[in-house]
Amino acid sequence: MPSTYTPIATTTLGSAASSVTFSSISGAYTDLILIISARGTTSASSTSVYFTTNITGSNYSSTWLVGNGSAAASSRYSNLGQGYLGYIAGGTTASDSRGNIIAHFMNYSNTTTNKTVISRGNVAEAETAAYVSLIRGTSALTSITVGEGGGNNFVAGSTFTLYGIKGA
Amino acid sequence: MPNTFVKIASITVGAGGAASIDFTNIPSTYTDLCLKLSTRTNNTGLRVRFNSDSGANYSWRRLLANGAGSFSDSNTTFGSPYNTFLYFSMQDTTSDTANTFSNGEMYVPNYTVSTQKSASLDSVAENNATTAYMAMQSGLWTGTAAITSIALTPDTGTSPSFAQYSTATLYGIKNS
């Protein structure tokens, strides 16, 4: 049976930080799963989480479907220098509240195709959302950085874990 | 290499159905929990409670689609008692196509950490009819104790029950 959810790296913030980077990611897996449990300091009920990789340039697009408790909506960004994974709890929520993001980076180590990411973001105080992102680049993903999209920090205690999944 | 997506327990409902599905004595040796469901009930939603907490300590938001449109609501849309559990919809019911079971997944990061617990919940209730539902939900339990039990019960009804052959499997995920 192939190994699933093999932990590659995990970070628990000891102090607030604006971003977290996973570098030197092994190409030994088929897909990557990133689990985020975090709260941002941006003064709102939720704040977005962006991501960049070793593929640089305005090569990121993201499309999302979101429900805020009263309506459903969809929108997208394209030709940006970063993609988006979803929302986490923001600075106006309780200090020990957390939002979560589950992001799946498909076929991340191939060097033939562009890369796609599908993710779910959850903040019970604000919304639930599904995102899909495209990274236009054929390099294997070897680093991933996630950042607090409001330009502020993730609070201490926020956790970020990267897992590898093997197809065979 | 460690295989860290480990089955903690699996429950299959037997003949005659069951009023609830309960996971108890959940060990604290993992980082995250993942619950996979294949269920059929007599109501379109499930009530999820942690550690037998039936207080007003839960909130959730939901995004629904049914083949004709998309909608969003939350626990405040329904009022009490829908803030006393995480509402896990959508479920195939006895009114839906025979022998059809909905499926769902709930993921709870950091279930042992002394903060509030957030959850991601996804489900589908396919049905050979004009309308069928899928749902994505965020959930929050304000409890700060480690989650040691999860109780699933169908939402309101005269005799809420899971149909025979409904299954629920709880997995633990370790980050090291």
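Visitor: Which residue of chain A meets the side chain of Asp122(B) in a salt bridge?
Guide: This is a predicted model, in which local features need pLDDT of at least 70 and side-chain atom pairs pLDDT 80 or more, while totals for chains, interfaces and linings use all residues. Residues are numbered from 1 along each chain as written, chains are lettered from A and ligands numbered from 1 in written order, and side-chain values use heavy atoms, without hydrogens or water. A salt bridge takes a side-chain nitrogen of Lys or Arg within 4 Å of a carboxyl oxygen of Asp or Glu. At 2.7 Å, N to O, the partner of Asp122(B) is Arg120(A).

Visitor: How many salt bridges are counted between chain B and chain A?
Guide: The interface brings 37 residues of chain B into contact (heavy atoms within 4.5 Å) with 39 residues of chain A. Asp122(B) and Arg120(A) form a salt bridge there, and the count between the two chains is one.

Visitor: What area is buried between chain B and chain A?
Guide: Buried area is the accessible area (1.4 Å probe) lost on putting two parts together, summed over both. Carbon and sulfur atoms give 55% of the total between chain B and chain A, which is about 2800 Å².

Visitor: Which residues lie nearest the centre of the largest pocket?
Guide: A pocket is an open set of points on a 1 Å grid with protein on both sides within 12 Å along at least five of seven lines, and lining residues have an atom within 4 Å of a point. The largest pocket has a volume of about 330 Å³, and its lining has 11 nonpolar, three polar and four charged residues. Both chains supply strands to this lining, among them strand 8 (99-106) of chain A and strand 3 (32-41) of chain B. Nearest the centre are Ile33(A), Ile102(A), His104(A), Arg120(A) and Glu105(B).

Visitor: What is the volume of the second largest pocket?
Guide: The lining includes Asp122(B), Glu105(B) and Met134(B). The residues of this lining divide into four nonpolar, three polar and two charged. The volume of the second largest pocket is about 160 Å³.

Visitor: And what is the volume of the largest cavity?
Guide: In a cavity a 1.4 Å probe fits but cannot get out, and the structure holds one of 30 Å³ or more. Residues of both chains line the largest cavity, including Ser37(A), Arg98(A), Lys117(B) and Ser118(B). By class, this lining has two nonpolar, six polar and two charged residues. The volume of the largest cavity is about 60 Å³.

Notes: Grid points are joined across faces, edges and corners, and a volume is the space filled by probe spheres set on the points. Helices (H or I, at least four residues) and strands (E, at least two) are DSSP runs, numbered from the N terminus. Ala, Val, Leu, Ile, Met, Phe, Trp, Tyr, Cys and Pro count as nonpolar, Asp, Glu, Lys and Arg as charged, and the others, Gly among them, as polar.
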